[in-house]
Amino acid sequence: MTIREHLEERELAYQSPYAVKSRESRGRVRQEPECDIRPAFQRDRDRILHCKAFRRLKQKTQVFLLPKGDHYRTRLTHTLEVSQNARTIAKALRLNEDLVEAIALGHDLGHTPFGHAGERALNQVYHFAHHEQSLRVVEYVEKQGKGLNLTWEVRDGILNHQMAGEPHTLEGQVLQLSDKIAYINHDIDDAIRAGILTERDIPAEYREVLGDSSKNRLNTMVHDVIINSMEKPEIKMSKEVRLAMNGLRKFMFENVYLNPKAKAEEDKAVGLIEQLYDYYILHLELLPQQYLDALECPENCREQIVCDYIAGMTDNYAVKMYEKFFVPKAWKI
Ligand code: MG
């Protein structure tokens, strides 16, 4: 028996009946020999961790564009916080922790530069949704267009992580809720850091239910999911905590995400991405070879390929390309 087979047996003996067992995965699009050490989802987790799109998350906006302070969240640290919340919940519920972690690390790989402003820009010029793009990254874009060949369960969780999605596994549901729990709490923390909010601005009705600090609110939400989902075939919160969390999310939209101070810069980011898009559409020859190769496939239109390329850029790289194409350089002699 291999080490992988031992680990798979352990899952069968230990995990909840509602967990997805690695051995029972619906598998990959391209058949591959199994690893002798790692079960399928653990292997997927490693593939995502080692891919280039994952490393670029460190210079992609979470909420605050190109923050100067080192303590603001980036898309990478957001991803790690989501993963940690999701693993805590999965472990307590005896679900498949490797599956949850793989979905978590992959869920935002398709995010554009400049957060949702970048997403809006690409959706205006063509069609774009970051959860669909995360799936495109793992299926087509990574590994020079070959994709990571992940299991069905990880791809399902990545595609369905957004609010309206309906993941087919409890691990996917854990991720969906953990993402929301993570961003509401860390975005409040960053908004306080940025001087946009103070703790006392948060309505008392939510603080009474959830707690009076980011740490306490995170703790309340994670506990509530665990206690209400124990030995159940679905992942849910108590009504009281769910309503308070959704109220807090609405409060964040009104006061932080759509705050006019942050918005002004966002409109510039939208303009920058739109101009880059128009420029690349007219100058396809500037795309890296991998994207030129993708254009040869009849199912790929140039609009999609340019979106793939721009969505993959970090904030800094997008600014650098904008300067290169649109800002005159000083004469150097
Ligand atoms: Mg996310």
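A residue counts as lining a pocket when it has an atom within 4 Å of one of the pocket's grid points. The model examined here is predicted.

**Exercise 1.** Determine which helix gives the most to the lining of the second largest pocket.

Solution. 
1. The second largest pocket has a volume of about 370 Å³.
2. It is lined by 17 residues, of which Arg10, Glu11, Gln15, Glu97 and Asp98 are the closest to its centre.
3. At least two lining residues come from each of α1 (3-14), α2 (40-49), α4 and α5 (97-106).
4. With four residues, α1 gives the most to this lining.

**Exercise 2.** Describe the largest pocket by its volume, its central residues, its helices and its residue classes.

Solution. 
1. The volume of the largest pocket is about 850 Å³.
2. Its lining comprises 35 residues; His116, Met163, Tyr183, Arg249 and Phe253 are the closest to the centre.
3. The helices α4 (75-92), α6 (115-125), α9 (170-193), α12 (239-257) and α13 (260-282) each supply at least two lining residues.
4. The most comes from α9, which gives seven residues to the lining of the largest pocket.
5. By class, the lining of the largest pocket has twelve nonpolar, twelve polar and eleven charged residues.

Methods: Residues are numbered from 1 along each chain as its sequence is written. This is a predicted model: local features need pLDDT of at least 70, side-chain atom pairs count only at pLDDT 80 or more; totals for chains, interfaces and linings use all residues. Side-chain values use heavy atoms; hydrogens and water are left out. On a 1 Å grid over the protein atoms alone, a cavity is a set of points where a 1.4 Å probe fits but cannot get out, and a pocket is an open set with protein on both sides within 12 Å along at least five of seven lines; lining residues have an atom within 4 Å of a point. Grid points are joined across faces, edges and corners, and a volume is the space filled by probe spheres set on the points. Ala, Val, Leu, Ile, Met, Phe, Trp, Tyr, Cys and Pro count as nonpolar, Asp, Glu, Lys and Arg as charged, and the others, Gly among them, as polar.
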